[in-house]
Each structure stands twice: as structure tokens, then as C-alpha cells.
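Subject: Structure handover

Hello,

Here is the structure I promised to pass on. Please open it first, then read the notes below.

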Amino acid sequence: VLCGMRLLYQSFSYFAIVSDKKAPGEGAFSGNTAMTGIRLPESVTTIGKKAFYGCTALTELALPDGLKIIDNYAFWNCAGLKSVDLPDTVEKLGDYAFGFCTGLTRLTVGTGLTTIGKNVFYGCSKLTIYGYNDTAARDYAADNGLRFIVREEQTDPTWRLGDLNADDEVNSDDLTQMARFVAHIDFPTEQQAASGDLNADGEVDSDDLTKMAQYVAHIITEL
């Protein structure tokens, strides 16, 4: 498979393993609606503009350590993508890089990301970003109203449901903290997100806040 060239035989599904050392150039696989997966070699440091634009069947994406730049519109309208793990080496996401990836629910980022373009996740209404505090990704999420969860090395499955501050109680302090999460003033850790998801729908939102308020006010007795 040669990077920078459109693949032939697009009438069937396939997983492409790119062996060429060059970066996928501008429009390299644009409009390929048969490719379901792509694996790039560690020699690739840049994914060019519109490289995978409109690859709607793409569901598996293996990005190499050493990747630094994902350029403008690189994965625009890759609606089949659900989860993307960015290597810690990624420094820049271009404008609309993952725009209209409407199926994308999880993006994991490291601390290396410093430059994030405009509308990178345009139309990604289901997305939650997993990253670290005091990073560009965290600031970008706050500025753009995106869900963000602080990554942790490990979580404790014994944490009590609703006990956001781990003091073994569910009280007004936890209610206040959840309100800050829902308002995107603070962002939960993975542990807090699991503990605060009272209705088990994968989000900490106003429904969970209402339920916790009822519990703290003794309107209901169980979370």
C-alpha cells in the first residue's frame, strides 16, 4: 500500500496496513468507503490534510508512537470511528481534524498535545475526551463545552456510588461537586465519573444531579 495514493478495489471491506515510510499525504485515502481499518508505521509523523476524509466505514485506527501532527480535516466524516487513542507524541490537531465523526464517543490524549485548531470535533456530540489537568486538551474542552474526564493510573472499584470526594458519605459536598461537573466548571476523574454516573448511562449530567439532590434531601433512600 503506497501512502499518498488512493487504494484500488474499493468494492469490498478491508483493513489496510500501510508499510510505506512516507506520511499519508493530502487526500491519500479520501472518499474510500470500503476501508474498515488502518494501521500506520512508526515512521509516520504527520497525517496530511483530508488524508482519510469521508472514510465512513473506518472503525479501527492504529496510530503510531512518534506521530506529531494530524492535519486539517484528516478524519472528517469518519462516522464509524468510536474510539481513538492519540499517542503522547501528538502535538497538533488541525482544524476540523475529527469533524463530523458522529460516532466518536471517546478520545484519549496525552500531555504532548499543545496546539488544537478550530472546530476539531465539530458535530461530535457524543464525545468525551480523556486527558490530564493543566493541559491544552483540558482547556479546549472547557472553552468548547466538551465532556472531559481526568485520566488516572488506576481506579478503585470499592468507591461508593455518589461519593465523589471519597469520604465514605454522600452529602451536600458531593452534590456541590457534581453541580460543578455538570456546569463544566470542574472535570471529573475517571473514578469520579464512574461514581457520579448514578443512572448508568455513561455520563454525569443533570439527571444524575437531580437524583443526588433527591437523595441528599432524603426524598429517595437509594442511589
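Is Cys101 buried or exposed? Cys101 is buried, as its relative accessible area is 0%. Buried means under 20% relative accessible area, exposed means over 50%, and partly exposed lies in between (1.4 Å probe, protein chains only).

Some background before the rest. This is a predicted model, in which local features need pLDDT of at least 70 and side-chain atom pairs count only at pLDDT 80 or more, while totals for chains, interfaces and linings use all residues. Residues are numbered from 1 along each chain as its sequence is written, and side-chain values use heavy atoms, with hydrogens and water left out.

Cysteines

The structure holds 0 disulfides. A disulfide here is a pair of cysteine sulfur atoms within 2.5 Å. Cys101 is in no disulfide; its nearest cysteine sulfur belongs to Cys78, 5.1 Å away. For Cys124, the closest cysteine sulfur is that of Cys101, at 5.2 Å, which is too far for a bond. Cys124 counts as buried, at 5% relative accessibility.

Salt bridges

A salt bridge is a side-chain nitrogen of Lys or Arg within 4 Å of a carboxyl oxygen of Asp or Glu. By this rule there are 2 salt bridges.

- Glu190 pairs with Arg106, with the closest N and O atoms 4.0 Å apart. This pair links distant parts of the chain: Glu190 sits in helix 3 (residues 190-196) and Arg106 in strand 8 (residues 106-108), 84 residues apart. Helices (H or I, at least four residues) and strands (E, at least two) are DSSP runs, numbered from the N terminus. Glu190 is partly exposed at 21%, and Arg106 is partly exposed at 30%.
- Asp186 pairs with Arg180, and here the closest N and O atoms are 2.6 Å apart. Arg180 is partly exposed, with a relative accessible area of 33%.

Surface charge

Asp167, Asp168, Glu169 and Asp173 gather in a patch of negative charge on the surface. Patches are made of residues with over 30% relative accessible area and no salt bridge, with like charges joined within 9 Å. Asp167 lies in the loop between strand 11 (147-150) and helix 2 (172-182). Asp167 counts as partly exposed, at 35% relative accessibility.

One more loop

Asp134 is in the loop between strand 10 (128-131) and helix 1 (136-144). Asp134 counts as exposed, at 78% relative accessibility. Asp134 and Thr111 are 23 residues apart in sequence, and their C-alpha atoms are 8.9 Å apart in space.

Best wishes

Technical notes:
Patches are made of residues with over 30% relative accessible area and no salt bridge: like charges are joined within 9 Å, nonpolar side chains (Val, Leu, Ile, Met, Phe, Trp, Tyr) within 5 Å. Accessible areas come from the Shrake-Rupley method with a 1.4 Å probe; for residues, only the protein chains shown count as cover. Lys and Arg count as positive and Asp and Glu as negative; His and the chain ends are not counted. The place of a charge is taken as NZ of Lys, CZ of Arg, CG of Asp or CD of Glu.
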